[in-house]
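Here is a short note to read beside the model. Please keep the structure open and find each residue as it comes up.

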Amino acid sequence: AMSAGSAPRDRARVAQEAASHAEAARELVALISAVGAEGDAELLTDIKEQARGVFNALVAAAEAALELGCEGAVFDALSAHDALEAALAGRPPPAQPAEAAPAP
């Protein structure tokens with residue numbers, strides 16, 4: 001069992017990791033759609049290869065966050081994961097809940 005003293009630090013680290021992987025995923029989603037629009041199949045394959053690593057990192061980050069009860073980090077990781085999954089499959093990104101959508 002973890003000592004109670006390390007929990008806040010672990011939570012902060014896990015939340016930070018989830019946020020950075022989510023950020024990387026969102027950048028890849030934008031890149032995939034831009035490159036897809038240009039029709040550069042070779043570059044797209046490279047990016048998708050890179051995206052798979054981020055995808056797996058997001059799954060691990062979500063699981064770690066879930067274990068520590070960091071709901072915000074879990075949500076962040078999973079929403080980025082879903083958007084990346086959609087981009088990799090060539091689908092539009094999933095609709096975000098209204099409160100999570102950035103203001104126009």
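**Notes on the salt bridges and helix packing**

1. Searching the whole structure turns up four salt bridges. Keep in mind that this is a predicted model. The bridges come up again below, one pair at a time.

2. Get the layout first. The protein has three helices and zero strands. Along the sequence the pattern reads α-α-α. Of its 104 residues, 32% count as buried.

3. Start with the pair R13 and E17. Their side chains meet in a salt bridge, at 3.5 Å from N to O. Both residues lie in helix α1, four residues apart, which is about one turn of the helix.

4. Next, look at R26 and D76. Their side chains also form a salt bridge, with N to O at 3.4 Å. R26 sits in helix α1 and D76 in helix α3, so this pair ties together parts that are 50 residues apart in sequence. R26 is partly exposed, at a relative accessible area of 38%.

5. Now go to helix α2. There R52 forms a salt bridge with E49, and the closest N and O atoms are 3.7 Å apart. R52 and E49 are three residues apart in helix α2, so about one helical turn separates them. Which of these two is exposed, and which partly exposed? R52 is partly exposed, with a relative accessible area of 42%. E49 counts as exposed, because its relative accessibility is 53% and the cut-off is over 50%. Elsewhere, salt bridges with shared partners join D10, R13 and E17 into one network.

6. Turn to the packing. Two packed helices are described by the angle between their axes and the distance between the axes. Helix α1 covers residues 7-38, and its axis comes within 9 Å of the α2 axis. The two axes cross at roughly 155°. The angle is over 145 degrees, so α1 is roughly antiparallel to α2. The crossing of α1 and α2 is left-handed. The residues of this contact divide into 20 nonpolar, three polar and two charged.

7. What angle do α2 and α3 make? Helix α2 (residues 41-68) and helix α3 (residues 71-88) pack at about 155°, and their axes are 9 Å apart. That makes α2 roughly antiparallel to α3. Here too the crossing is left-handed, as α2 passes α3.

8. Which residues make the contact of α2 and α3? From α2 come K48, A51, V54, F55, L58, V59, A62, A65 and L66. From α3 come A73, V74, A77, L78, A80, H81, L84, E85 and L88. Sorted by type, the residues of this contact are 15 nonpolar, one polar and two charged.

9. Last, step back to the whole chain. Take the contacts between residues at least 6 apart in sequence: 61% of them join residues at least 24 apart. The R26 and D76 bridge links α1 with α3 across 50 residues of sequence. Find that pair in the model, then compare it with R13 and E17, which both lie in α1.

Key: Residues are numbered from 1 along each chain as its sequence is written. This is a predicted model: local features need pLDDT of at least 70, side-chain atom pairs count only at pLDDT 80 or more; totals for chains, interfaces and linings use all residues. Side-chain values use heavy atoms; hydrogens and water are left out. Axes are lines fitted to C-alpha atoms, for helices over the stretch in contact, and angles run from 0 to 180 degrees between N-to-C directions. Helices (H or I, at least four residues) and strands (E, at least two) are DSSP runs, numbered from the N terminus. Angles under 35 degrees count as roughly parallel, over 145 as roughly antiparallel, 65 to 115 as roughly perpendicular and the rest as oblique. A crossing is left-handed if the near helix is turned anticlockwise from the far one by less than a right angle, and right-handed if clockwise. Contact means heavy atoms within 4.5 Å. Ala, Val, Leu, Ile, Met, Phe, Trp, Tyr, Cys and Pro count as nonpolar, Asp, Glu, Lys and Arg as charged, and the others, Gly among them, as polar. Buried means under 20% relative accessible area, exposed over 50%, partly exposed in between (1.4 Å probe, protein chains only).
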